Amino acid sequence: MKYFDLLKKKIVNKMQQSYPAISPNIEEWKGQEIVDFQEDLRLKMNEHLSEKWFYTHMKSSQDKIPRIDILNLLSKYAGYKDW
């Protein structure tokens, strides 16, 4: 979970490049901020994550990380080679 939390912070940094006013706390994102993230992910990675997925994995505090393919996608989006 520690590394997933670090990845979330890197995702925020990436989003702030396109959307400087976005909240630095991904758990506080809602509505338009999530839509902006979905759009940025679609434009840069040609992938889509549902709003339900976002609420389940990015906003909740459960001790379960996403599947490896999603971790790889998000890692690449954040600028890493993979998870």
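**View 1. Helices α2 and α4 sit roughly perpendicular to each other (an angle of 65 to 115 degrees; under 35 is roughly parallel, over 145 roughly antiparallel, the rest oblique).** This is a predicted model, where local features need pLDDT of at least 70, side-chain atom pairs need 80 or more, and totals for chains, interfaces and linings use all residues. Residues are numbered from 1 along each chain as its sequence is written, and side-chain values use heavy atoms, leaving out hydrogens and water. Helix α2 covers residues 32-45 and α4 residues 68-78; they pack at about 85°, with axes 11 Å apart. Helices here are DSSP runs (H or I, at least four residues), numbered from the N terminus. Axes are lines fitted to C-alpha atoms over the stretch in contact, and angles run from 0 to 180 degrees between N-to-C directions.

**View 2. Here's who touches whom between α2 and α4.** F37, D40, L41, K44 and M45 of α2 meet L73, L74, K76 and Y77 of α4, where contact means heavy atoms within 4.5 Å. By class, that's 6 nonpolar, no polar and 3 charged residues (nonpolar: Ala, Val, Leu, Ile, Met, Phe, Trp, Tyr, Cys and Pro; charged: Asp, Glu, Lys and Arg; polar: the others, Gly among them).

**View 3. F37 and Y77 make an edge-to-face aromatic pair.** Their ring centres are 5.7 Å apart, with 85° between the planes. Rings of Phe, Tyr and Trp (its six-membered ring) pair if their centres lie within 6.5 Å; planes under 30 degrees apart are stacked, over 60 edge-to-face, the rest tilted. F37 lies in α2 and Y77 in α4, so the pair ties together parts 40 residues apart in sequence. F37 is buried at 1% relative accessibility (buried is under 20% relative accessible area, exposed over 50%, partly exposed in between; 1.4 Å probe, protein chains only).

Key:
Helix = DSSP H or I, 4+ residues; strand = E, 2+ residues; numbered from the N terminus.
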